Amino acid sequence: MCGIVGYIGNQDSKEILLKGLEKLEYRGYDSAGIAVMNDNGVQVFKEKGRIADLRNIVDEDVMANTGIGHTRWATHGVPSTVNAHPHQSNSGRFTLVHNGVIENYDILKREYLQGVALKSDTDTEIIVQLIDLFVNEGFTAEEAFRKTLTHLKGSYAIALLDAENNETIFVAKNKSPLLVGLGETFNVVASDAMAMLQVTDQYVELMDKEIVIVTKEEVKIQTLNGEEISRDPYTAELDASDIEKGTYPHYMLKEIDEQPLVMRKIIQKYQGDNEELTIDQEIVEAMNNADRIYIIAAGTSYHAGLVGKQFIEKIAEIPVEVHISSEFGYNMPLLSKKPLFIFISQSGETADSRAVLVSVKEMGHKALTITNVPGSTLSREADYTLLLHAGPEIAVASTKAYTAQIAVLSILAEVTAKSRGLELGFNLVQELGIVANAMEVLCDSKEEFEDIASKFLSTTRNAFFIGRGIDFYVGLEGALKLKEISYIQAEGFAGGELKHGTIALIENGTPIIALATQESVNLSIRGNVKEVAARGANPCIISMKGLETEEDSFIIPEVNELLTPLISVIPLQLISYYAALHRECDVDKPRNLAKSVTVE
Ligand code: M6R
């Protein structure tokens with residue numbers, strides 16, 4: 001989703017801003033722009049399309065030590081050069097970039113800007129025109145900025161330039177993520193640390209309703225009322241090489257291949273001195289104090305939550321409900337007396353999940369966030385955090401975060417079960433080790449998955465994923481992976497549910513990808529495959545060793561039955577990857593999608 005960068009210092013800002021925007025490309029965007037400021041004023045360059053297109057129009061001869069930049073993922077107004085940020089006030093004095101959604105922009109437009117000719121369809125332009133208006137009424141730029149912020153309803157991360165003060169970037173944040181990065185002779189602004197890792201690894205988090213006056217020497221954080229806030233910086237523990245593709249053609253493929261390594265890292269991070277798995281005692285107590293657990297998540301993280309429910313119910317014997325975050329806020333079920341909320345989010349920034357977190361905290365409930373990003377909003381605002389340790393996930397399609405989420409959920413269930421004196425019947429450290437080895441075998445079988453993709457998916461317009469029990473949940477994830485990157489219409493179904501309607505869609509050659517990794521339902525899922533095959537479908541069965549038959553397309557190595565999602569998903573990730581490649585899709589940056597969905 002939209003990304004912001006800003007630089008103020010002694011160097012020429014253009015290249016720093018453009019490189020920063022390239023690092024934010026993974027978030028998803030449809031247009032981009034930069035504004036640079038020197039003694040001659042502010043120059044804006046913006047373009048629909050990729051950063052590479054923007055680079056082509058930036059005037060190389062302009063030298064400026066201050067600038068802001070933006071990648072836009074359209075919400076208000078189509079993707080276009082006019083709607084791209086930065087936006088300028090009609091006087092040309094103020095130039096601004098914004099992430100988030102201004103919910104009352106229409107009201108503000110009618111109330112304050114009747115006579116102002118707006119250039120774009122965006123909610124953002126309202127902000128910059130309001131600042132101009134208040135300055136014309138006699139306020140200083142800083143006062144006008146503050147006054148404007150008090151009128152805004154919704155979410156924003158803002159960086160503002162004032163052409164009459166080229167020594168300052170004005171910054172503000174509410175709900176949308178924003179960081180300030182510190183340097184010796186410069187300071188920066190960024191939606192995430194990755195963008196500005198090129199110049200600094202020292203960052204200060206900003207909280208909602210704070211504003212920051214950034215100069216090259218100083219970063220002054222204040223509340224909207226002007227009270228000074230002091231906050232220590234933290235070191236972003238990111239390795240620049242973690243965010244490079246290396247020799248891989250796509251981040252997605254690199255991240256799929258990283259999964260065995262991530263499994264081993266998770267085991268190591270969650271092992272205590274005695275090699276037993278361990279998590280913070282406070283979290284275990286919160287689990288044990290709960291009479292019901294509510295897992296809240298979106299997309300792939302929601303699918304991981306469905307698998308997590310199986311673990312927590314079967315291993316730790318606590319009832320669990322799993323909810324889509326965008327629904328939960330408006331359609332809250334009757335809660336149990338002692339609920340514990342678990343938020344699962346790779347980015348830790350998903351606005352739909354954050355909205356639920358805010359309301360359950362207001363209701364006085366405890367919350368645990370499982371996330372890949374330390375210091376992310378969902379991590380900061382929950383009572384407890386469990387980290388995924390998966391390393392940055394750049395491809396929009398989530399892969400290693402999904403398996404990391406499932407592994408961490410299995411550890412949470414195991415440690416809770418043990419604290420309740422429940423017997424597991426297996427050693428999770430060993431079982432996860434077997435999973436990591438099995439993942440390696442699958443990652444080494446790419447050619448077979450490329451063949452499957454070409455045999456089943458090269459020309460189809462739709463595909464169905466079926467499974468029963470835990471395989472059904474993995475099927476949902478397989479369908480999401482395939483549709484988001486290859487644009488093949490794909491749906492996941494419970495095997496037994498097809499005949500209640502969806503089987504009407506089966507035509508000659510319709511691909512059915514069936515998962516058969518569970519002994520208890522092996523015969524029934526195979527029965528469902530026969531039903532669709534009899535109606536012309538083209539079945540591709542992925543089974544587990546020990547349950548295989550001759551008709552299967554691929555047999556995954558044997559692992560503990562409960563943990564099969566950790567490996568049965570890898571064929572689905574790779575099949576989706578190759579299907580997208582065959583169709584010449586932009587694998588890492590699928591159309592219309594954003595990595596970090598920071599608007600509700
Ligand atoms: O960062 P989050 O885990 O909260 O993101 C949730 C979804 O937006 C995300 O999983 C999305 O569905 C991915 N594109 C799936 O590959």
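**From a loop residue to the rings**

Tutor: H389 is partly exposed, with a relative accessible area of 21%, where buried means under 20%, exposed means over 50% and partly exposed is what lies in between, computed with a 1.4 Å probe and protein chains only. The model is a predicted one, in which local features need a pLDDT of at least 70 and side-chain atom pairs count only at pLDDT 80 or more, while totals for chains, interfaces and linings use all residues. Residues are numbered from 1 along each chain as its sequence is written, and side-chain values use heavy atoms, with hydrogens and water left out.

The place of H389 is the loop between strand 20 (384-387) and helix 14 (400-419); helices (H or I, at least four residues) and strands (E, at least two) are DSSP runs numbered from the N terminus. Although H389 is not a glycine, its phi is positive, at about 55 degrees. E275 also has a positive phi without being a glycine, here of about 70 degrees, and it lies in the loop between helix 8 (259-270) and helix 9 (281-289), where its relative accessibility of 58% makes it count as exposed. Another loop, the one between strand 4 (66-72) and strand 5 (87-88), holds P86, and the peptide bond that leads from H85 to P86 is cis, with omega near 0 degrees.

Turning to the rings, the structure holds twelve aromatic pairs, where rings of Phe, Tyr and Trp (its six-membered ring) pair if their centres lie within 6.5 Å, and planes under 30 degrees apart count as stacked, over 60 as edge-to-face and the rest as tilted. One of these pairs joins Y203 and Y234, and it is tilted, with 6.4 Å centre to centre and 40 degrees between the planes. Because Y203 lies in strand 11 (residues 202-205) and Y234 in strand 15 (residues 234-235), the pair ties together parts that are 31 residues apart in sequence. Y203 is buried, with a relative accessible area of 0%, whereas Y234 is partly exposed at 28%. Y577 and Y578 form an edge-to-face pair, at 5.0 Å centre to centre and with 80 degrees between the planes, and both Y577 and Y578 are buried. Elsewhere, ring pairs link Y294, F328, F341 and F343 into a cluster.
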